[in-house]
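This report describes the architecture of a single protein chain.

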Amino acid sequence: MCPASFSSLPYDTRPGGSHHPALWSLTSKQVATIGCPTCGARQHSPCRTLRDRPTTALHRGRTTRYLNLRFGLDLTDPHPPKPAARTAVTRSGISVPTTRAPAPQPWRLPLHELADRINISFLDHARVVTAHACGLRRTGLDDLLFGPDRILQSLDALTYALHDRQLQRETHTLTHGPDPHATHLAEQQHAIQTQLRQAAGLMKQRRIAELTQAGILPMAAPSDDPRHIARAWLGRYLDDEKEALVQSIAAAAGIPRTAAAPIRSIRDKITKCIANGWITAPVNEAVEHLLACNSHTFRARLIADATQQDTRDDALCHPLILNRWRDELEQALTDLAPAAENPTTQRLHDLTRTQPRRATPTRRLCDRRRLFAALLQRRDECTRLITDLNDTMTLAEQADPSYPALKNAADRAYDELVSRHPDLYHRIRSALAPHQTRYGRLAHGTPRAELRKKVFADLDRHARPGLPGSPTHWSKAADPNDDSCDRRPQDPGGPGGLPAKAPAPVVPALNTT
């Protein structure tokens with residue numbers, strides 16, 4: 001597995017496309033001469049993460065904007081093929097410095113130039129992580145690729161390289177049969193898969209360490225005290241009244257109105273975090289356009305993003321868009337799976353196990369499978385971004401000075417609800433009584449969600465909905481982005497620390513219990 005052979009392999013997801021190296025060589029310092037439309041960083045300032053920390057990695061939107069401003073390019077739209085350029089002597093001039101020819105082996109560049117190269121070119125980033133996975137070792141390369149600033153980008157590049165090797169191996173094996181080149185591709189695919197697992201494990205370890213240091217992990221087990229459960233369910237049932245109590249108690253305690261704003265959906269929580277400065281995610285014109293567009297337009301934008309690797313759409317990665325992006329990706333994968341001859345949407349199926357040998361796959365099938373692989377790659381990226389967003393909001397919320405006072409206000413609001421509605425509280429306690437142990441605790445394994453639904457239905461009949469002040473908890477169920485009252489971060493015990501797919505949103509809604 002010689003790293004030098006990697007540069008001869010194509011890296012492109014566009015149907016019928018091949019990788020054409022850029023004819024310019026940019027540096028991070030040059031790109032930083034303009035502001036970043038993704039994070040709002042000013043000129044000559046580094047890009048910033050969701051947690052408002054400077055990062056050496058550039059946002060893709062900033063690079064694309066710089067290229068458009070400097071060269072008058074539009075990298076997001078397809079262009080007709082251009083005639084072959086004639087060879088000419090490169091001359092230096094004002095604002096047009098002499099550039100070095102693109103390196104066929106970018107991992108051999110000096111580290112500072114390599115950092116610029118993988119900032120600008122995702123395809124070169126994929127080449128470097130592939131070479132590293134196949135045995136390339138160099139001082140400082142591990143920190144460059146898998147440091148806190150670039151581990152997410154490196155995981156994305158490894159996912160792309162893994163799919164690329166599998167697709168090449170499938171096409172070659174079905175066309176020419178097993179031979180040394182197919183074996184070579186299989187070895188590279190295995191090496192990349194091993195490196196991907198190790199990098200995901202490293203990210204998981206860092207996440208656990210960070211959440212543990214902040215006191216969020218280990219997470220406390222759900223309370224089995226019927227008094228606490230009945231109190232929490234009463235607050236959820238009388239949600240409007242509870243929020244009004246929290247607002248009044250918080251205002252009396254001097255808590256800012258923005259910090260005590262009620263949360264009724266995932267969008268409300270993210271908007272609150274942006275307004276309080278807890279996360280760095282400015283809502284620019286591109287984000288507002290995506291929020292307002294219909295499903296057809298959003299799907300077209302999603303497909304256009306998946307067919308490009310170097311020029312992606314940063315607006316899709318905005319916290320307010322992530323949930324919709326994930327749902328649309330799931331639907332696109334489900335729609336494309338039959339045409340791509342992939343029996344599952346969880347991974348890229350090995351075509352050599354179902355196709356007869358010498359059955360050369362058609363060009364259309366290859367294009368569909370490449371698009372399917374790109375959608376899988378985007379879904380993995382979206383899941384990692386949702387997990388990071390969830391952790392960022394939880395850490396920022398608990399680090400805010402008003403958090404203890406707001407929690408105390410919520411406790412007082414729950415107590416006041418019990419005092420105002422003792423009949424409802426006792427009806428909930430009575431419904432919980434058959435599920436209690438002899439020690440007065442809720443039995444382990446009790447289906448709480450189903451039981452809560454039955455209790456709320458009984459309370460609806462008892463409270464005679466429709467009268468003034470009737471409960472409004474069912475209005476929350478109409479919001480597909482609403483989740484349970486649990487506001488804890490995702491359990492990092494899953495593979496790679498990623499949340500498991502579930503009907504509920506990955507980012508939980510806020511509750512002050």
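This is a predicted model: local features need pLDDT of at least 70, side-chain atom pairs count only at pLDDT 80 or more; totals for chains, interfaces and linings use all residues.

## Loop residues with positive phi

D52 counts as partly exposed, because its relative accessibility is 40%, a value between the limits of 20% for buried and 50% for exposed. D52 is found in the loop that runs between β1 (47-48) and β2 (54-55). Its phi is near 60 degrees, which is a positive value in a residue other than glycine.

E341 also has a positive phi, of about 55 degrees, although E341 is not a glycine. The loop between α13 and α14 holds E341. With a relative accessible area of 35%, E341 is partly exposed.

## A cis peptide bond

The peptide bond that leads from L217 to P218 is cis, and its omega is near -5 degrees. P218 is placed in the loop between α7 (180-213) and α8 (226-237).

## Overall fold

The chain contains 18 helices and two strands. It has 513 residues, of which 46% count as buried. Among the contacts in the chain with a separation of 6 or more, 75% are accounted for by residues 24 or more positions apart.

## Cysteines

Zero disulfides are found in a search of the whole structure. C273 counts as buried, at 2% relative accessibility. C366, by contrast, is partly exposed, since its relative accessible area is 21% and the buried class ends under 20%.

## The nonpolar cores

The largest nonpolar core comprises 39 residues, and F298, W325, F372 and L375 are those with the most contacts inside it. Two or more residues of this core are given by each of the elements α10 (266-275), α11 (285-292), α12, α13 (322-336) and α14. Helix α14 provides the largest share, eleven residues. Apart from this core lies another, of 29 residues, which includes L141, L144, L145 and I151.

## The surroundings of F298

Which residues are in contact with F298, leaving aside its neighbours within four places in sequence? They are L290, C293, L316, I321, R324, W325 and E328. One of these partners, W325, is listed with F298 among the residues with the most contacts inside the largest nonpolar core.

F298 is located in helix α12. F298 is buried, with a relative accessible area of 0%. F298 and E328 are 30 residues apart along the chain, and their C-alpha atoms are separated by 8.1 Å.

## Packing of α12 against α14

Helix α12 (residues 295-306) packs with helix α14 (residues 363-399) at an angle of about 100 degrees, and their axes are 9 Å apart. This angle makes α12 roughly perpendicular to α14, because that class covers angles of 65 to 115 degrees. On the side of α12 the contact is made by L302, I303, D305 and A306, and on the side of α14 by L371, A374, L375 and R378. By type, the residues of this contact divide into six nonpolar, two charged and no polar.

Conventions. Residues are numbered from 1 along each chain as its sequence is written. Side-chain values use heavy atoms; hydrogens and water are left out. Axes are lines fitted to C-alpha atoms, for helices over the stretch in contact, and angles run from 0 to 180 degrees between N-to-C directions. Helices (H or I, at least four residues) and strands (E, at least two) are DSSP runs, numbered from the N terminus. Angles under 35 degrees count as roughly parallel, over 145 as roughly antiparallel, 65 to 115 as roughly perpendicular and the rest as oblique. Contact means heavy atoms within 4.5 Å. Ala, Val, Leu, Ile, Met, Phe, Trp, Tyr, Cys and Pro count as nonpolar, Asp, Glu, Lys and Arg as charged, and the others, Gly among them, as polar. A nonpolar core is a set of buried Ala, Val, Leu, Ile, Met, Phe, Trp, Tyr and Cys residues joined through side-chain atoms within 4.5 Å. Buried means under 20% relative accessible area, exposed over 50%, partly exposed in between (1.4 Å probe, protein chains only). A disulfide is a pair of cysteine sulfur atoms within 2.5 Å.
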